[in-house]
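Subject: Structure for you to look at

Hello,

Here is the structure, with its sequence. My notes on what was found follow below.

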Amino acid sequence: MGESRDRSTSPRGVIDKDAYQELDSRWRRVRDLESSLGEDLLTSTEDPRCQALADGKAFRLVCDAVDQEAYLIPGLLSLQEQCDLLNALLTDWALPPHRSNLCQSSEASWLKDGLKKFCEESMDQSSLSVIERLRWVTLGQQYDWSSRSYLSDERPLPELLVSFASRAVELLRLAGEIHSMPRFQAAICNLYHAARRPSDRLGGHRDDVEEDATSPLVTISIGLPCVFLLGKDTRTSRPLPLLFTAGSMLVLTKRARQAFHGVPSIFVPPKLQLKGRSFRPATSQSWDPRTVGTHGARGWHLPVL
Ligand SMILES: O=C(O)CCC(=O)C(=O)O
């Protein structure tokens, strides 16, 4: 969690070319895989920019656009595990005492009722409106966005999340890339909805608030695929656009931990592309994180303090 600048300036105050912003604007306009054809997008681990590690279970990203301490681990979570995450988020984690963009107090019966109806698939307008507006939830040590700092009352992170993030780090430890298992302390769950509103993307930023700015940061993707832009520690570097798919994880460590990154676009399959802001009713299909549409929970983010 941290810095989000629009432009970078040189010491003399001259505005340098914001290569990150340029690519971010370009990708915002691309709304599905089909329209991405012909663009430079890393879509497969066969790409020469992926260097296999751990018997081909993990890949180091090797190109000028990123520091080499960035790793992609495709398909590490099973479909059932992705469902378990989504379920835990909507039935438990999104409620107080965890903070979310909808509620920062302990009284939230309306939130609980809205999420419950949604999960039981007996939605009405008010529960739809809850789901539609839920954008982020913080877990573990809570974060205060206004002061841009972590609050002192430390809460443990949910075990399920820690075990999934540890699985990724363990693979890299066995491959000799990371030397010890970090103690995960905080997470933000970002929900990007298929409506593709401005709130359904994440601008380029660095996570620079954590005290230990070198310990690994793990991002878990569930739901619809997205374009993840991964750069270096300055916006003047042109970032690498990669397709980040459900069940996959990204681990940024050492220098890459300081990298600008963000999510300019969620890919929404044409049959789920929504007109205006009208939302479809939930169906049992909406529980399949591969096709999760109206409530496209997508990003899971575990910065380590
Ligand atoms: O949602 C994602 O995949 C990225 C999340 C992120 O970068 C953040 O929350 O700081």
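Leu95 sits in the loop between α2 and α3; helices (H or I, at least four residues) and strands (E, at least two) are DSSP runs, numbered from the N terminus. This is a predicted model, in which local features need pLDDT of at least 70, side-chain atom pairs count only at pLDDT 80 or more, and totals for chains, interfaces and linings use all residues. Residues are numbered from 1 along each chain as its sequence is written.

A residue is buried if 20 or more other C-beta atoms lie within 10 Å of its own, exposed if 12 or fewer, and partly exposed in between, with C-beta atoms placed from the backbone. Neighbours within four places in sequence aside, Leu95 is in contact with Ala108, Leu111 and Lys112 (contact: C-beta atoms, placed from the backbone, within 7 Å). From Leu95 to Leu115 the separation is 20 residues in sequence and 9.1 Å in space, C-alpha to C-alpha.

Gly114, Leu115 and Phe118 are buried in α3. They lie on the same side of α3, because they cover an arc of only 90 degrees around the axis; the arc is that of the directions from the helix axis to the C-beta atoms. The buried residues of α3 pack against α2 (79-93) and α4.

In α4 (residues 125-133), the buried residues are Ser127, Leu128, Val130 and Ile131. Their arc around the axis is only 160 degrees, so they are on the same side of α4. Gln125 and Ser126, on the other side of α4, are exposed. The buried residues of α4 pack against α3 (109-119).

The axes of α3 and α4 come within 8 Å and cross at roughly 100 degrees, so α3 is roughly perpendicular to α4. Axes are lines fitted to C-alpha atoms, for helices over the stretch in contact, and angles run from 0 to 180 degrees between N-to-C directions; 65 to 115 degrees counts as roughly perpendicular. On the α3 side the contact is made by Leu111, Gly114, Leu115, Lys117 and Phe118, and on the α4 side by Ser126, Ser127, Val130 and Ile131.

**Asp200**

Asp200 is found in the loop between β7 (186-191) and β8 (202-205). Asp200 is buried, because 20 other C-beta atoms lie within 10 Å. Leaving aside neighbours within four places in sequence, Asp200 is in contact with Tyr192, His193, Ala195 and Ile266. Asp200 and Arg135 are 65 residues apart in sequence, and 8.0 Å apart in space, C-alpha to C-alpha.

**The core and the whole chain**

The largest nonpolar core has 74 residues, of which Tyr71, Ala168, Cys226, Phe228 and Val251 touch the most other members. Such a core is a set of buried Ala, Val, Leu, Ile, Met, Phe, Trp, Tyr and Cys residues joined through C-beta atoms within 7 Å. Helix α5 (residues 159-174) gives the largest share of this core, seven residues. Phe228 touches Leu242, Phe244, Leu250, His261 and Val263, not counting residues up to four places away in sequence.

The protein has five helices and 14 strands. Of its 305 residues, 43% are buried. Among contacts between residues at least 6 apart in sequence, 76% join residues at least 24 apart.

Regards

Definitions and conventions: Contact = placed C-beta atoms within 7 Å. Parallel < 35°, antiparallel > 145°, perpendicular 65-115°, else oblique.
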